[in-house]
Amino acid sequence: MQLMEKGGKISLSSLFAIGFVLGILLPNLWYRMEWHQNTASALYLMGIFSKESNRDYLHQVLRMRGTLFLSGLCSGITVFGVPFAVAGMLLSGLLIGMLLSMSVLQFGLNGGLIGAGLLFPQYVIYLPCMFWGMEQIYGYSASIWKKHSMFVGQVGGYLLRMFVCGIFWLIGILLEVYCNPVITEVLIRNLKIFT
């Protein structure tokens, strides 16, 4: 989906890339601040939390990711879907870039591997789902914005596409809860960054 910007066009994926680059650059500029301590704590707590009950972790991830998905779904049938999609793509890129950058800055190559491990395997599902979902949200919201009305016949199609996206989002949640902690624990144990 293309966004209009002063006669030119910028895509939602470009916004994600801008956020990602900013996420890499900002920690490098501000590394001397408190951020490196927070990254160490986050990685350590993730390793400990991976041993906690999967049920509690599932509820936490469902609450966090589900709220995000439902907010996007609802904003897509209003004029707020356009800013939601733009901000969502920028912030997603920023957060992923910051996680990877801070992991490398704090722990070197091993930290970079653990940072990537924190994103695997759920982001293999989340990223395509997010790109496609945000495009749906942006597109439907932009059509409402331009026409100043909701197209009743098109709401069903939008909801169906978002339902399919929601199924994949749920698969990503299950991967995050049941596979990612195991991968993260193995990486932390084998790379021994805390010893």
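Which residues have the most contacts inside the largest nonpolar core? They are Leu 12, Met 89, Met 134, Trp 169 and Ile 173, in a core of 30 residues.

## Basis of the values

The model is predicted: local features need pLDDT of at least 70, side-chain atom pairs count only at pLDDT 80 or more, and totals for chains, interfaces and linings use all residues. Residues are numbered from 1 along each chain as its sequence is written, and side-chain values use heavy atoms, with hydrogens and water left out.

## Nonpolar core

A nonpolar core is a set of buried Ala, Val, Leu, Ile, Met, Phe, Trp, Tyr and Cys residues joined through side-chain atoms within 4.5 Å. Buried denotes under 20% relative accessible area, exposed over 50%, and partly exposed in between (1.4 Å probe, protein chains only).

At least two residues of this core come from each of H1, H3 (54-75), H4 (81-119), H5 and H6; helices are DSSP runs (H or I, at least four residues), numbered from the N terminus. H5 gives the most, with 10 residues.

## Helix H1

The buried residues of H1 are Leu 12, Leu 15, Phe 16, Gly 19, Gly 23 and Pro 27. Seen down the axis of H1, they fall within an arc of 100°, so they line one face of the helix; the arc is that of the directions from the helix axis to the C-beta atoms.

## Partly exposed tryptophan

Trp 132 is found in helix H5 (residues 122-147). Its relative accessible area is 34%, so Trp 132 is partly exposed.
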